[in-house]
Amino acid sequence: MADHVDRLLEQWAEQRPDLDVSPMGVIGRLSRLSRLVDLELRRTFARHDLDAASFDVLATLRRSGPLTPSALMASSMITSGAVTQRVDRLAARGLVARTPSESDGRSFEITLTDEGHALIDRALPDHVATEHRLLSALSQRERDELAATLRALLESLES
């Protein structure tokens, strides 16, 4: 069964047989998958009045407990500028609070409020169900192999 990327590869093979365009098969599919997954996750987050960055901050605090802004940035999947902006927005919604750090009086920690804790506990099962649905075409063995392959690629690019 051919997909959109296979058709592109065939066209390039006809037009530029001198080039090895096989990386396009991987990168093209990763790119298309990323867009499709992002769209589905955004829909899930929107049902809980969240976006990806807000969900990430709440989920990081839920699994890690109170964190300083720098520790939150290191533990989450968003940038330093986004952490400050996201924490400000979440604090304005009453989902997180800033509390003075017990170990460093000059710093503060970000904690989930009761409302933030309740929201992430409602959103997380929906998020996980969406991810299960997105991967449902793959067996557990295929998921494990894909995760290992993607981990190796990420490690090579992040180092």
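Reader: Among contacts between residues at least 6 apart in sequence, what share joins residues at least 24 apart?

Author: A contact here means heavy atoms within 4.5 Å. In this protein, 48% of the contacts between residues at least 6 apart join residues at least 24 apart. Please keep in mind that this is a predicted model, where local features need pLDDT of at least 70, side-chain atom pairs count only at pLDDT 80 or more, and totals for chains, interfaces and linings use all residues. Residues are numbered from 1 along each chain as its sequence is written, and side-chain values use heavy atoms, leaving out hydrogens and water.

Reader: How many helices and strands are there?

Author: Helices (H or I, at least four residues) and strands (E, at least two) are DSSP runs, numbered from the N terminus. The protein has 7 helices and 2 strands, in the order α-α-α-α-α-β-β-α-α. Its radius of gyration is 20 Å, well over the 15 Å from the globule rule for 159 residues, so the protein is more spread out than a compact globule. That radius is taken over C-alpha atoms, and the rule is 2.2 Å times the number of residues to the power 0.38.

Reader: Which residues of α2 are buried?

Author: Buried means under 20% relative accessible area (1.4 Å probe, protein chains only). In α2, these are Gly 25, Glu 40, Leu 41, Thr 44 and Phe 45. The buried residues of α2 pack against α1 (4–15), α3 (52–64) and α6 (114–134). Across the whole protein, 25% of the 159 residues count as buried.

Conventions. Buried < 20%, exposed > 50% of the residue type's maximum accessible area, 1.4 Å probe, protein only.
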